[in-house]
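I opened this notebook to record what I looked up in one structure. The entries follow the order in which I consulted it.

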Amino acid sequence: MEKNEPNNGGKLQCPYVESHWVQAKRMQVHLIKCEKQHPNVKLRKCPYNYSHHVKEDEYLEHTEKCVDRHLAAFDNLELAADTARDLQTPCGSGANVDRVDPEKNGEPMAAALDEENWDDMNEAPYNPWKHCMENKIIRKPRLMSKAKRIEFYKKEEIRHAKLEQEEKSKKENANSKGSP
């Protein structure tokens, strides 16, 4: 893989051509170019950092000792198995099963009872056009002729005036309900 020696001015050695020394911030771009120019050099890419191109015989050792290994959320099967065991639910079932905290002698965990499940929401999808029309949002005419822009601005003034009127009437209704 790349070698980073102390007196090289922050440069890394290219794994494809040993005479190439590249600044660390340019290494990813260089690797793409060098990989295309040297198809006969067979290197494997590290699963934790794609700028790590490693020789086949050093690949296993590199993946075990890679400095970027901690960045992977589930870097080994034990962590995934522990998580599945904690959830106590088969994958994809979506069942809301109470989790048990082993430190509290089998009492259900409070967080499990109040968890959000975004898949079960019966909400309509967000419609940005509808949101803009129902709120005082300044819209700009795009790709319109001058005449259509003038018409658009007149309609926008009317829309804003109606929204302002509705807002005032809501405030008046709230004030009239609050006073005896």
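**Entry 1: helix 1**

I listed the buried residues of helix 1 (residues 27–37) and found Met27, His30, Leu31 and Cys34. Viewed down the axis of helix 1, these buried residues fall within an arc of 100 degrees, so they line one face of the helix. I took the arc from the directions that run from the helix axis to the C-beta atoms. Buried here means under 20% relative accessible area, exposed means over 50%, and partly exposed lies in between, with a 1.4 Å probe and protein chains only. Helices (H or I, at least four residues) and strands (E, at least two) are DSSP runs numbered from the N terminus.

I then turned to the other side of helix 1, where Gln28, Lys33 and Lys36 are exposed. The buried residues of helix 1 pack against strand 1 (11–13), strand 2 (21–23) and strand 4 (53–55). Contact is defined as heavy atoms within 4.5 Å.

**Entry 2: basis of the values**

I note that this is a predicted model, in which local features need pLDDT of at least 70 and side-chain atom pairs count only at pLDDT 80 or more, while totals for chains, interfaces and linings use all residues. Residues are numbered from 1 along each chain as its sequence is written, and side-chain values use heavy atoms, with hydrogens and water left out.

**Entry 3: His30**

His30 has a relative accessible area of 17% and is buried. With neighbours within four places in sequence set aside, I found His30 in contact with Cys14, His20 and Val22.

**Entry 4: the annotated domain**

I consulted UniProt, where an unreviewed entry places the feature "domain: CHHC U11-48K-type" at residues 11–38 and 43–70. UniProt positions are given in the numbering used here, feature names are shortened, and annotations may be inferred rather than shown by experiment. For residues 11–38 I recorded 39% helix and 21% strand, with the end C-alpha atoms 21 Å apart. For residues 43–70 the entries are 25% helix and 21% strand, and the end C-alpha atoms lie 22 Å apart.

**Entry 5: the chain as a whole**

I counted 6 helices and 6 strands in the chain. From the N terminus on, the elements run β-β-α-β-β-α-α-β-β-α-α-α. Of the 180 residues in the chain, 19% are buried. Among contacts with a separation of 6 or more, 19% are between residues 24 or more positions apart. The accessible surface of the chain is about 15,100 Å², and carbon and sulfur atoms hold 52% of that area. I note that accessible areas come from the Shrake-Rupley method with a 1.4 Å probe, and that for residues only the protein chains shown count as cover.

**Entry 6: salt bridges**

Side chains of opposite charge can pair when their charged atoms come close. I applied the rule that a salt bridge is a side-chain nitrogen of Lys or Arg within 4 Å of a carboxyl oxygen of Asp or Glu. The structure holds 7 salt bridges.

One of them joins the side chains of Glu156 and Arg139 at 2.7 Å, N to O. Glu156 lies in helix 6 (residues 146–178) and Arg139 in the loop between helix 5 (128–134) and helix 6, so the pair ties together parts that are 17 residues apart in sequence. Glu156 is buried at 7% relative accessibility, whereas Arg139 is partly exposed at 22%.

What else does Glu156 meet in a salt bridge? I found the side chain of Arg159, at 2.8 Å, N to O. Arg159 and Glu156 are 3 residues apart in helix 6, about one helical turn. Both Arg159 and Glu156 are buried.

Glu151 is partly exposed at 44% relative accessibility, and Lys155 is exposed at 52%.

**Entry 7: aromatic pair**

I paired rings of Phe, Tyr and Trp (its six-membered ring) if their centres lie within 6.5 Å; planes under 30 degrees apart count as stacked, over 60 as edge-to-face and the rest as tilted. By this rule I counted 1 aromatic pair. Phe152 and Tyr153 form the pair, which is edge-to-face, with 5.9 Å centre to centre and 70 degrees between the planes. Phe152 is buried with a relative accessible area of 13%, whereas Tyr153 is partly exposed with 43%.
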